[in-house]
Structure formats: structure tokens, C-alpha cells
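Try each one before you read the solution.

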Amino acid sequence: MEKIIWGEDFSVGVRVLDAQHKQIVIMVNSLIEMSDTKVDSEIISDTLTKMTKYAIDHFEKEEQYMLDYGYPEYSSQKKQHQEFKIKTVGFCMETMAHKATVPTEIFTYLRSWWTNHILQEDMKYKKYFNERGLS
């Protein structure tokens with residue numbers, strides 16, 4: 001599976017959020033590099049758990065900016081973040097249960113979700129935040 005290639009097209013124009021997005025992409029790519037690793041591998045479980053915790057911290061920061069600046073699509077973003085949390089917790093549980101298809105499902109989901117979320121959903125707030133002086 002192809003890794004996510006970070007480029008300027010991923011920048012949402014807010015330094016803190018861009019740095020967090022880059023870190024998440026690094027974690028997702030490290031999971032993709034483990035594509036041949038078996039589901040019972042602790043490294044998959046540990047990396048997934050670490051990435052999930054980091055993503056939750058990122059969502060909190062992003063959502064706080066949205067509240068602070070009155071972002072009109074806050075509810076939609078919050079819902080998407082909640083769905084992501086539920087899905088990744090499910091993956092963590094399936095990994096602990098040694099479900100054989102989990103690695104492929106994890107890598108496919110994470111790559112797709114983060115790429116689409118940053119490039120489509122998060123880009124919606126780029127102009128909004130920048131016009132209000134957040135950079």
C-alpha cells in the first residue's frame with residue numbers, strides 16, 4: 001500500500017494544526033510500513049494506540065480553534081472526529097482479538113480517512129481561520 005506523501009496541498013494554513021497533521025501522517029505511514037506484520041504483533045497495537053491518542057489530542061485542539069473562532073461547520077467536524085475515534089477503538093479491540101484482516105483494514109481506513117479528511121474537510125476551514133488571523 002502506498003504511503004501518504006505530505007505536500008503543501010495538505011497545509012491548512014495553521015502552523016500548529018499542520019505540525020499535528022504531519023505527525024499523524026508519519027504515524028499512519030509507519031503503520032503502512034508494517035503491512036506484512038501479523039495482527040498479533042504488539043508493534044501494530046502499540047502504534048495504533050499511540051496514533052489514536054495523538055489524533056484525539058489533535059481533534060481537541062482543532063475543535064477548540066473552531067469554537068474560539070465560531071467556525072460554522074464545527075458540529076460536522078466534531079461528528080466526523082467522533083466517528084473516527086469509534087472506528088479506531090474498534091480496530092484496537094479487533095487487534096487484541098487477533099482478527100486476521102485487521103492490519104489491511106486499518107491501513108486502508110487510516111490512509112483514506114486522513115487523506116480525505118485533511119484535503120476535503122479541513123481545507124474548508126483554511127480560508128475561514130486565515131481571514132480571522134489564525135495562522
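A salt bridge here means a side-chain nitrogen of Lys or Arg within 4 Å of a carboxyl oxygen of Asp or Glu. Keep in mind that you're looking at a predicted model.

**Exercise 1. Describe the overall fold of the chain.**

Solution. Start with the secondary structure: the chain has four helices and zero strands, so its pattern along the sequence reads α-α-α-α. Next, check the dimensions. The C-alpha trace spans about 45 × 25 × 20 Å along its principal axes. For 135 residues, a compact globule would have a radius of gyration near 14 Å, and the chain's 15 Å agrees with that. Now look at the contacts: among those with a separation of 6 or more, 75% are between residues 24 or more positions apart. Finally, 45% of the residues count as buried, and the accessible surface comes to about 7300 Å², with 53% of it belonging to carbon and sulfur atoms.

**Exercise 2. Find the salt bridge between Lys124 and Glu73, and say which parts of the chain it links.**

Solution. Step one is the distance: the two side chains meet at 3.8 Å, N to O, which is within the 4 Å cut-off. Step two is location. Lys124 sits in helix α4 (residues 102-131), while Glu73 is in the loop between α2 (42-68) and α3 (74-96). They are 51 residues apart, so the pair ties together distant parts of the chain.

**Exercise 3. Which residues pair with Glu131 in salt bridges?**

Solution. Take Lys127 to begin with: its closest N–O approach to Glu131 is 3.7 Å. Both residues lie in helix α4, four residues apart, or about one turn of the helix, and both are exposed. Then try Arg132, whose side chain meets that of Glu131 at 3.8 Å, N to O. Glu131 has a relative accessible area of 54%, which makes it exposed, whereas Arg132 is partly exposed at 40%. A search of the whole structure turns up seven salt bridges.

**Exercise 4. Which residues make the nonpolar surface patch of about 310 Å²?**

Solution. The patch is made by Val89, Met93 and Met96. Zoom in on Met96: you'll find it in helix α3. Its relative accessibility is 54%, over the 50% cut-off, so it counts as exposed.

How values were computed
Residues are numbered from 1 along each chain as its sequence is written. This is a predicted model: local features need pLDDT of at least 70, side-chain atom pairs count only at pLDDT 80 or more; totals for chains, interfaces and linings use all residues. Side-chain values use heavy atoms; hydrogens and water are left out. Helices (H or I, at least four residues) and strands (E, at least two) are DSSP runs, numbered from the N terminus. Buried means under 20% relative accessible area, exposed over 50%, partly exposed in between (1.4 Å probe, protein chains only). Patches are made of residues with over 30% relative accessible area and no salt bridge: like charges are joined within 9 Å, nonpolar side chains (Val, Leu, Ile, Met, Phe, Trp, Tyr) within 5 Å. Accessible areas come from the Shrake-Rupley method with a 1.4 Å probe; for residues, only the protein chains shown count as cover. The radius of gyration is taken over C-alpha atoms; the globule rule is 2.2 Å times the number of residues to the power 0.38. Contact means heavy atoms within 4.5 Å.
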